[in-house]
Structure formats: structure tokens, C-alpha cells
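Please consult the sequence and the structure shown below alongside the text.

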Amino acid sequence: MTTPPSTTAPTASRGRLDPVLADHVMDALHLAGLPIAHGGHGPGVHLRPAEPLDDNDDCHGLIALHWLPSRRLAHAAATEQHKQPAHAAQQLVVNAVQHTLTVLLPLLGTTADRAFHLWEVRVTAAEPLPRELTGLPGPRPSGPAPIAPGIRPDVITAVRHSAALAGLPVATHPGDPGITLRPCPPLDPGDDTTGIADLGWNPSRRLAAAATGHAAWNLRAAVEEAVRQALPVALGACGLDVWWRRPDGLPPQLRAYGPSEDPPIRR
């Protein structure tokens with residue numbers, strides 16, 4: 001039987017992080033737009049030295065990554081029994097985001113594999129990012145608002161509430177990293193999409209600014225899609241009514257309809 005993830009933050013290891021490897025990992029996370037949990041306090045990705053599972057587990061020098069959701073969700077999960085709403089929600093959030101890390105980080109030059117028996121992601125190697133993807137993010141670009149006009153207020157509130165519980169940011173200004181709420185075009189004459197949102201993901205302004213060539217644009221699109229795949233599970237577990245619509249020949253829509261009927265934590 002698989003052991004469920006701990007409801008508390010991982011304990012600090014007596015080992016030390018490889019500073020060069022850790023810098024490369026944090027650069028990749030920043031580039032993707034994901035928060036980092038400094039000091040072991042969420043929300044965000046927590047980095048710590050990997051600890052061996054047994055005498056045959058040679059993990060010296062590796063980095064273990066854990067997703068820490070909001071303190072509110074973690075506290076609620078820690079006070080509940082296994083399979084209760086908040087406890088189950090935390091497991092779903094952690095599992096979804098950590099799976100995304102194994103897809104996302106290799107796109108950015110970091111070798112990462114899921115260690116299911118430890119409920120963590122282990123980083124074994126990382127390459128420096130290309131020069132055009134490093135440095136300061138630059139000025140905030142002009143562009144469409146990350147929350148499009150016409151989205152219903154209850155949808156916006158539900159996305160913000162569920163994202164805050166999961167520990168994921170919602171973009172507030174053009175170019176800021178985080179979840180975006182875009183208009184949701186109807187797919188057929190009977191498809192009423194008034195006021196609902198198509199959820200997307202903004203990576204860092206550094207990646208957006210570099211996405212002028214074909215390769216950089218493809219990288220940005222791949223990063224957005226990798227994070228977007230985690231959103232229906234993570235946000236759905238935290239009280240959002242969200243579903244994929246995948247029409248033939250058209251881009252898929254990740255539709256947010258508003259609060260679900262059975263949130264893990266009542267407001």
C-alpha cells in the first residue's frame with residue numbers, strides 16, 4: 001500500500017544543498033513563474049537535500065522538491081483524519097503540482113524524476129539557462145489584463161480563493177506570472193459561455209520577453225501547458241468548478257464556472 005504524503009512540511013535535512021544545483025533549480029522555477037517556499041514555509045516549491053530511504057538509496061547530492069500549499073490548507077489537513085476533505089484536497093494538490101514539476105523542469109534543463117515512495121521530486125542534474133533567459137525581468141509589459149473584462153465576479157472570486165488554498169498565484173497585472181482568466185468563446189450555437197473563464201498560465205516576464213524566436217515561443221507555450229495541466233486537479237480540489245473542453249480542431253479550453261458545491265474548507 002502506498003503511504004500518503006505527510007500533512008506537514010518536510011523536515012530539514014542535516015545535509016546541505018549543492019549551491020550551484022540549487023541556483024539552477026530556482027532559476028528554472030522562477031522562469032516558469034512558480035513560487036519558491038523559502039525557509040520551508042509555503043506556499044511554493046520547497047527545496048531540501050534528498051534523504052535516503054534505505055541503505056541502498058544513494059541520493060547524496062540530490063535535491064528533493066516538495067510542493068507546499070497554503071498554510072490554511074496544510075493546517076486544516078493536519079487536523080483531519082485520512083481521506084477527510086481538506087486532507088484529501090492537500091494530497092491532490094501536492095500530487096498534481098509535483099507531477100507538473102517532472103514535466104516542466106526538463107523543459108528548462110533540469111533532470112527531475114518522481115520518487116513516488118517518498119512523495120517527492122528528485123533533481124539529479126541541471127544545466128545553466130541560456131543567457132537570454134537570465135538576468136532581471138525588465139519592465140512590466142503592456143498587454144491584455146490577466147483577468148479579462150466580462151468574467152463574472154463569482155468566477156473571479158472562486159478562482160482566487162481556490163488558487164490561494166492550493167498556493168498558486170493569480171496574475172494581477174499584465175505580464176505578471178500566475179493564473180490568467182481569459183474570455184471563453186462558445187464552441188457551438190447552444191454553448192452559453194457568458195461570464196465564465198478559460199484559465200491559462202503566465203510564466204515569468206523573463207520568459208515572456210525572450211519568446212520572440214520560434215524556439216523561445218515554443219518553450220513558453222510548453223511551460224504554460226505543463227502548469228495548466230495541474231490546474232483542474234489542484235483548483236478543483238480546492239473548491240473550483242473547473243473542467244476541460246477539448247473541441248476537435250480548436251485549442252482546448254479550461255473552463256472555470258464558479259465555486260463548487262463541496263469545497264474542502266468552508267469560508
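In this predicted model, the side chains of Glu120 and Arg48 meet in a salt bridge, with 3.1 Å from N to O; a salt bridge is a side-chain nitrogen of Lys or Arg within 4 Å of a carboxyl oxygen of Asp or Glu. The pair links distant parts of the chain, 72 residues apart: Glu120 belongs to strand S4 (residues 120-126) and Arg48 to strand S1 (residues 44-49). Helices (H or I, at least four residues) and strands (E, at least two) are DSSP runs, numbered from the N terminus.

**Burial of the Glu120 and Arg48 pair**

- Glu120 is buried, with a relative accessible area of 2%.
- Arg48 also counts as buried, at 10% relative accessibility.
- The term buried means under 20% relative accessible area, exposed means over 50%, and partly exposed lies in between (1.4 Å probe, protein chains only).

**Other salt bridges**

- The structure holds nine salt bridges.
- Arg205 forms a salt bridge with Asp176, and the closest N and O atoms are 3.6 Å apart.
- This pair links distant parts of the chain, 29 residues apart: Arg205 is in helix H5 (residues 205-210), and Asp176 is in the loop between helix H4 (153-166) and strand S5 (178-183).
- Arg205 is buried, with a relative accessible area of 19%, and Asp176 is buried at 10%.
- A salt bridge also joins the side chains of Arg182 and Glu224 (3.1 Å, N to O).
- Because Arg182 lies in strand S5 and Glu224 in helix H6 (residues 214-228), the pair ties together parts that are 42 residues apart in sequence.
- Arg182 is partly exposed, with a relative accessible area of 29%, whereas Glu224 counts as buried at 18% relative accessibility.

**Strands and their pairing**

- Two strands pair if DSSP finds at least two bridges between them.
- S1 and strand S2 (residues 63-68) pair in the antiparallel sense over six bridges, and Leu47 stands opposite Leu65 in S2.
- S2 is joined to S4 by three bridges, and these strands run antiparallel; the bridge partner of Ala64 is Arg122 in S4.
- S4 is also joined to strand S3 (residues 110-115), by six bridges in the antiparallel sense, with Thr111 opposite Ala125 in S4.
- S1 is mostly covered, as six of its six residues are buried.
- S4 is likewise mostly covered, with five of its seven residues buried.
- In a regular strand the side chains alternate between the two faces of the sheet.

**Helix H2**

- The buried residues of helix H2 (residues 71-78) are Leu73, Ala74, Ala76 and Ala77.
- These residues lie on the same side of H2 because they cover an arc of only 165 degrees around the axis; the arc is that of the directions from the helix axis to the C-beta atoms.
- On the other side of H2, Arg71 and His75 are exposed.
- The buried residues of H2 pack against helix H3 (85-107) and H4.

**The chain as a whole**

- The secondary structure comes to seven helices and eight strands.
- Of the 267 residues in the chain, 51% are buried.
- Among the contacts (heavy atoms within 4.5 Å) with a separation of 6 or more, 63% are between residues 24 or more positions apart.
- The accessible surface comes to about 13,500 Å², of which 56% belongs to carbon and sulfur atoms; accessible areas come from the Shrake-Rupley method with a 1.4 Å probe, and for residues only the protein chains shown count as cover.

**Confidence and conventions**

- The chain averages a pLDDT of 86, and 89% of the residues score at least 70; pLDDT is the predictor's confidence in each residue, from 0 to 100.
- Over residues 1-14 the pLDDT is below 50, and this stretch has 24 contacts in the model beyond near neighbours in sequence.
- Where pLDDT is low, the predicted coordinates should not be read in detail.
- Residues are numbered from 1 along each chain as its sequence is written, and side-chain values use heavy atoms, with hydrogens and water left out.
- Because this is a predicted model, local features need pLDDT of at least 70 and side-chain atom pairs count only at pLDDT 80 or more, while totals for chains, interfaces and linings use all residues.
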